[in-house]
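Reader: I have a model open on my screen. Please show me how to read its features, one by one.

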Amino acid sequence: MKYDLVFEGGGAKGMVFVGALQEFETRGHTHARLLGTSAGAITAALLSVGYSSQEMLSALQQKQDGQSVFAAFMGTPAPFTVKDLQDNDFLNLLKRINIPFLPTALDYRLDDHLVDWFAKQPSTRHLFSFVQRGGWYSADAFLTWLQSKMDSGMYQGKPRQFSQMTLAEHFAATRKELTVVAADTSGENMLVLNHRTAPQCPLVWAVRMSMSIPLLWQEVVWQSGWGPYYGQDFTGHAIVDGGLLSCFPLELYISNLKDVTDVMGPKGEDPVLGLLIDETLPVPGTEQPAAQKTEFDLEELHTVRRISNLINTATSAHDKMVIDAYEKIVVHLPAQGYGTTEFNMNDLRQQLLVSAGRVAMTAYLDQHAQELPTTNQAEVQSNAQAADRVAGRILDRSIRKKQVVIKI
């Protein structure tokens with residue numbers, strides 16, 4: 001069967017999708033439309049350019065200097081430019097602090113030297129990046145990795161060459177309906193990025209925006225060359241992880257609201273299947289091994305945890321409404337005890353997570369496979385009130401207030 005697939009966000013825990021897709025493929029199923037947030041956006045993008053579960057597994061097993069290649073995703077920010085140093089919050093703060101008995105000119109010169117030193121030291125660039133760019137880590141290594149994957153292997157008998165494509169070019173080349181979710185913190189908008197809403201946006205940057213967990217990775221600034229979003233000029237807007245508004249945007253495939261179908265396209269006949277990362281379900285075999293820690297774990301900061309908990313609570317409240325209403329089309333994939341930033345997990349933990357995903361998908365398909373088409377057509381499509389409420393609420397600012405015509 002062919003399904004419209006929805007992938008939840010979850011950082012490193014998204015590796016569980018590979019196991020689920022292994023069983024999905026073994027059963028002979030294929031995908032139609034693809035929708036994802038954060039880690040789910042990465043998975044959806046890879047599927048859209050023909051990646052199989054085996055190719056994804058090979059990518060998970062890739063090593064660099066004896067470590068998982070994913071460990072580099074949490075990289076040290078690059079040195080800041082002179083312009084960055086001259087126009088920054090650090091410098092403005094220092095200039096407001098007057099040192100007694102020190103002449104103003106000398107005080108300002110000292111401030112400049114301190115900022116310059118902070119920005120150039122690898123150990124302090126994280127702090128500078130956190131204040132100036134909204135994220136502790138650089139995601140440059142992730143972008144490089146994704147670009148390489150978009151140009152690796154074969155697609156329909158030809159070498160893959162998708163790294164430089166826009167969303168419109170990607171759709172023209174694949175005819176795959178790929179949508180990733182991001183959040184515009186400058187305009188307080190949810191962004192539903194696809195070939196309809198942001199045709200000139202580069203494919204890899206759409207995914208990069210969707211995976212940019214607030215405070216963890218540097219926010220992305222929308223470039224003028226990426227064109228408008230839904231007819232609006234977003235140049236200079238700061239974009240972060242779509243999980244800020246909806247980590248599991250299942251409602252975008254279910255809702256009957258015209259505002260939703262305008263950006264998602266006409267409803268298809270294929271059943272919808274959501275892959276949910278469930279932190280309440282244990283991963284068999286992980287009772288003893290503990291999650292590995294980085295030298296400094298940003299999530300250990302009380303302030304970061306408070307903000308993260310607030311975001312998770314607000315997001316979960318939206319997503320839970322739809323999950324509860326459409327439980328029959330949601331596959332719960334175990335991820336208990338795994339960290340969102342555990343990119344350098346050892347081989348055993350990675351294997352156990354992948355295996356748990358496959359077992360969960362097996363159990364789900366064994367139980368629900370025969371009823372899925374009926375469930376989607378009779379129950380889901382005729383009872384979309386919960387999805388309408390959630391979709392209408394989270395898209396209110398970004399879609400419902402904009403009276404623009406989209407050319408499809």
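Predicted model: local features only at pLDDT ≥ 70, side-chain atom pairs only at ≥ 80, totals over all residues.

Reader: How many helices and strands does the protein have?

Author: Helices (H or I, at least four residues) and strands (E, at least two) are DSSP runs, numbered from the N terminus. The protein has 17 helices and 14 strands.

Reader: What share of the residues counts as buried?

Author: Buried means under 20% relative accessible area, exposed over 50%, and partly exposed in between (1.4 Å probe, protein chains only). Of the 408 residues here, 52% are buried. The accessible surface (Shrake-Rupley method, 1.4 Å probe; for residues, only the protein chains shown count as cover) is about 18,400 Å² for the protein. Carbon and sulfur atoms hold 53% of that surface.

Reader: What share of the contacts joins residues 24 or more positions apart?

Author: A contact means heavy atoms within 4.5 Å. Take the contacts with a separation of 6 or more: 80% of them join residues 24 or more positions apart.

Reader: Which residues have the most contacts inside the largest nonpolar core?

Author: A nonpolar core is a set of buried Ala, Val, Leu, Ile, Met, Phe, Trp, Tyr and Cys residues joined through side-chain atoms within 4.5 Å. The largest one has 104 residues. Leu5, Trp145, Leu193, Trp217, Trp222 and Leu250 have the most contacts inside it. Helix 14 (residues 347-368) gives the most to this core, with eight residues.

Reader: How many disulfides are there?

Author: A disulfide is a pair of cysteine sulfur atoms within 2.5 Å. The structure holds zero. Cysteine 201 is buried, at 0% relative accessibility. Cysteine 247 has a relative accessible area of 18%, so it counts as buried.

Reader: How do I read a pair of aromatic rings?

Author: A pair is described by the distance of the centres and the angle of the planes. Rings of Phe, Tyr and Trp (its six-membered ring) pair if their centres lie within 6.5 Å; planes under 30 degrees apart count as stacked, over 60 as edge-to-face and the rest as tilted. By this rule there are 16 aromatic pairs. Phenylalanine 7 and phenylalanine 17 form an edge-to-face pair, 5.1 Å centre to centre with 75° between the planes. Phenylalanine 7 is in strand 1 (residues 2-7) and phenylalanine 17 in helix 1 (residues 16-26), 10 residues apart. Phenylalanine 7 is buried, at 0%. Phenylalanine 17 is buried as well, at 0%.

Reader: Where does a cluster form?

Author: One aromatic cluster is made of Phe70, Phe73, Phe142, Trp145, Trp217 and Phe343.

Reader: Which charged residue lies over the face of tyrosine 51?

Author: A charge sits over a ring if NZ of Lys or CZ of Arg is within 6 Å of the ring centre and within 35 degrees of the ring normal. Arginine 160 lies over tyrosine 51, at 3.9 Å from the ring centre. The charged end of arginine 349 sits over the ring of tyrosine 338, 4.0 Å from its centre.

Reader: Is glutamate 327 buried, exposed or partly exposed?

Author: Glutamate 327 is partly exposed, with a relative accessible area of 36%. Glutamate 327 is in the loop between helix 13 (302-325) and strand 14 (330-336).

Terms used:
Residues numbered from 1 in each chain as written. Heavy atoms only, no water.
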